[in-house]
Amino acid sequence: AGEKELLGIWIAQTEGAKFWLQVVTELKNRGVQDIFIACVDGLKGFPEAIEAVFPKTAVQLCIVHLVRYSLNYVSWKLRKAVAADLRIIYSAATVEEAEAKLAEFEEKWGEAYPSIVQSWRRNWERIIPFFDYPPEIRKVIYTTNAIESVNMSLRKITKNRGSFPSDESLLKLFYLALQNISQKWTMPIRDWKAALNRFTIQFDDRMPQR
């Protein structure tokens, strides 16, 4: 339907692979049959957990998070220039063009910022799934901004409260807050019809029959 929906709230002491495996397994047990594309940030063990439970899923690393991480290594004076050159990579029309642009980036910035190049090359297989799609669909799948906006709303609620007497009290507060937040989700995701048409063809054998 192209509508945002929150599937659960979990409290974690540590966000490792074992925790994420429990979360993804719970979603499957509750009825999630398939995931076409999962966009994730740099949470350790999360991509592996998704692929273990839903092996056909394409795991897409959030480009926004990756760029932010990359710019942490760059001085303020050069951030705009480095960001512009990174944008050339993820704005490329094809994977081949993106790989060529990454090589050009490495030639220009690799000596000064080897950690950036290493990060992009290490994560390359999780960066490139969205190159299978045209620009309007890439906008839907290349960032975790949808959940980031939810997290920001929750942080506003908790930042002045100090501590909570129990996990249960925190969960109750979040549950009530999320009821209010989700009432604003009345419009489909932007460009959803175009994305759905593409998915219907690309994932023909996996698309639910209505």
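Which residue lies over the face of Trp-76, and at what distance from the ring centre? It's Arg-79, sitting 4.2 Å from the centre of that ring. Keep in mind that you're looking at a predicted model. The average pLDDT for the protein comes out at 90, with 100% of the residues scoring at least 70. Here's a quick tour of the confidence, the rings and a greasy bit of surface.

**Confidence**
- Helix H5, residues 95-109, is where confidence is highest, with a mean of 96.
- At the other end of the scale is helix H8, residues 135-141, where the mean is lowest at 82.

**Charges over rings**
- Besides the Arg-79 and Trp-76 contact, there's Arg-138, which lies over the face of Phe-130.
- For Arg-138, the distance to the ring centre of Phe-130 is 5.2 Å.

**Aromatic pairs**
- Searching the whole structure turns up eleven aromatic pairs.
- One of them joins Phe-19 and Trp-20, edge-to-face, with 5.0 Å centre to centre and 65° between the planes.
- Phe-19 and Trp-20 are both buried.
- Another edge-to-face pair is Tyr-133 with Phe-199, at 5.9 Å centre to centre and 85° between the planes.
- Tyr-133 sits in the loop between helix H7 (124-127) and H8, while Phe-199 belongs to helix H11 (residues 192-202), so this pair ties together parts that are 66 residues apart in sequence.
- Tyr-133 counts as buried because its relative accessible area is 6%, under the 20% cut-off.

**Nonpolar surface patch**
- Out on the surface, a nonpolar patch is formed by Leu-6, Ile-9, Ile-11, Ile-147, Leu-171, Tyr-175 and Leu-176.
- Together, those side chains' residues have about 570 Å² of accessible area.
- Which helix gives the most to the patch? That's helix H10, residues 167-182, which supplies three residues.
- Leu-176 is located in helix H10.
- Why does Leu-176 count as exposed? Its relative accessible area is 54%, and the exposed label needs over 50%.

Notes:
Residues are numbered from 1 along each chain as its sequence is written. This is a predicted model: local features need pLDDT of at least 70, side-chain atom pairs count only at pLDDT 80 or more; totals for chains, interfaces and linings use all residues. Side-chain values use heavy atoms; hydrogens and water are left out. pLDDT is the predictor's confidence in each residue, from 0 to 100. Helices (H or I, at least four residues) and strands (E, at least two) are DSSP runs, numbered from the N terminus. Patches are made of residues with over 30% relative accessible area and no salt bridge: like charges are joined within 9 Å, nonpolar side chains (Val, Leu, Ile, Met, Phe, Trp, Tyr) within 5 Å. Accessible areas come from the Shrake-Rupley method with a 1.4 Å probe; for residues, only the protein chains shown count as cover. A salt bridge is a side-chain nitrogen of Lys or Arg within 4 Å of a carboxyl oxygen of Asp or Glu. Buried means under 20% relative accessible area, exposed over 50%, partly exposed in between (1.4 Å probe, protein chains only). Rings of Phe, Tyr and Trp (its six-membered ring) pair if their centres lie within 6.5 Å; planes under 30 degrees apart count as stacked, over 60 as edge-to-face and the rest as tilted. A charge sits over a ring if NZ of Lys or CZ of Arg is within 6 Å of the ring centre and within 35 degrees of the ring normal.
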